[in-house]
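Notebook open, and today I'm looking up aromatic rings.

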Amino acid sequence: MEFQQFVDIADKWCYNTPFELIATEEAESRLDFYADPGVSFYVLCPDSDFRDNFHVWSESEDCLPFLQLVQEYILSCGKKTLSEVLEKVFKSFKPLLGLPDVDDDAFEDYNADVEEEEPEADSQHMSLQGPYNL
């Protein structure tokens, strides 16, 4: 994939996140991202010369622990797309960005659609029927 295609995918991804694509370096196939409050990382994209997988890293010591699971995901079985990698990065940085976890939102949205039913008056007076009436 041409480097400009990676840039286009990254730009599109930024529209739905608090991150900005702040720098691109075609020679290194590198995309640099930043979001307030000081969350930064970069992605090295696969190229035909040296890398066959993505690599994520940060110059910030505070951000590095959040990228460990993303890097493990990248190295797991199967090729990953830039969109998949960026989504994993975004999810891992949610605590630093002060955003709720996606799973929590999904659970709340699911429960918001459920209406609680009040018991009907007739159902409160239950009687036993059958051969063993007491």
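This is a predicted model: local features need pLDDT of at least 70, side-chain atom pairs count only at pLDDT 80 or more; totals for chains, interfaces and linings use all residues.

I started with F90 and asked: is F90 buried or exposed? F90 has 12% relative accessibility, and under 20% counts as buried, so F90 is buried.

Where do F19 and F41 lie in the chain? F19 is in the loop between α1 (3-14) and β1 (20-25), while F41 is in strand β3 (residues 39-44). They are 22 residues apart, and the pair links distant parts of the chain. I checked burial too, and both F19 and F41 are buried.

Then back to F90, this time with F19. Their ring centres are 6.5 Å apart and their planes are at 85 degrees, so I have another edge-to-face entry. F90 belongs to helix α3 (residues 82-97) and F19 to the loop between α1 and β1, so this pair ties together parts that are 71 residues apart in sequence. For F19 I noted a relative accessible area of 2%, so it goes down as buried.

Which residues do ring pairs link into a cluster? I listed W13, F19, F33, F41, F66, F90 and F93.

Last, I looked for charges over rings. R30 lies over the face of Y42, 3.6 Å from the ring centre. I also found K80, whose charged end sits over the ring of Y73, 4.9 Å from its centre.

Key. Residues are numbered from 1 along each chain as its sequence is written. Side-chain values use heavy atoms; hydrogens and water are left out. Helices (H or I, at least four residues) and strands (E, at least two) are DSSP runs, numbered from the N terminus. Buried means under 20% relative accessible area, exposed over 50%, partly exposed in between (1.4 Å probe, protein chains only). Rings of Phe, Tyr and Trp (its six-membered ring) pair if their centres lie within 6.5 Å; planes under 30 degrees apart count as stacked, over 60 as edge-to-face and the rest as tilted. A charge sits over a ring if NZ of Lys or CZ of Arg is within 6 Å of the ring centre and within 35 degrees of the ring normal.
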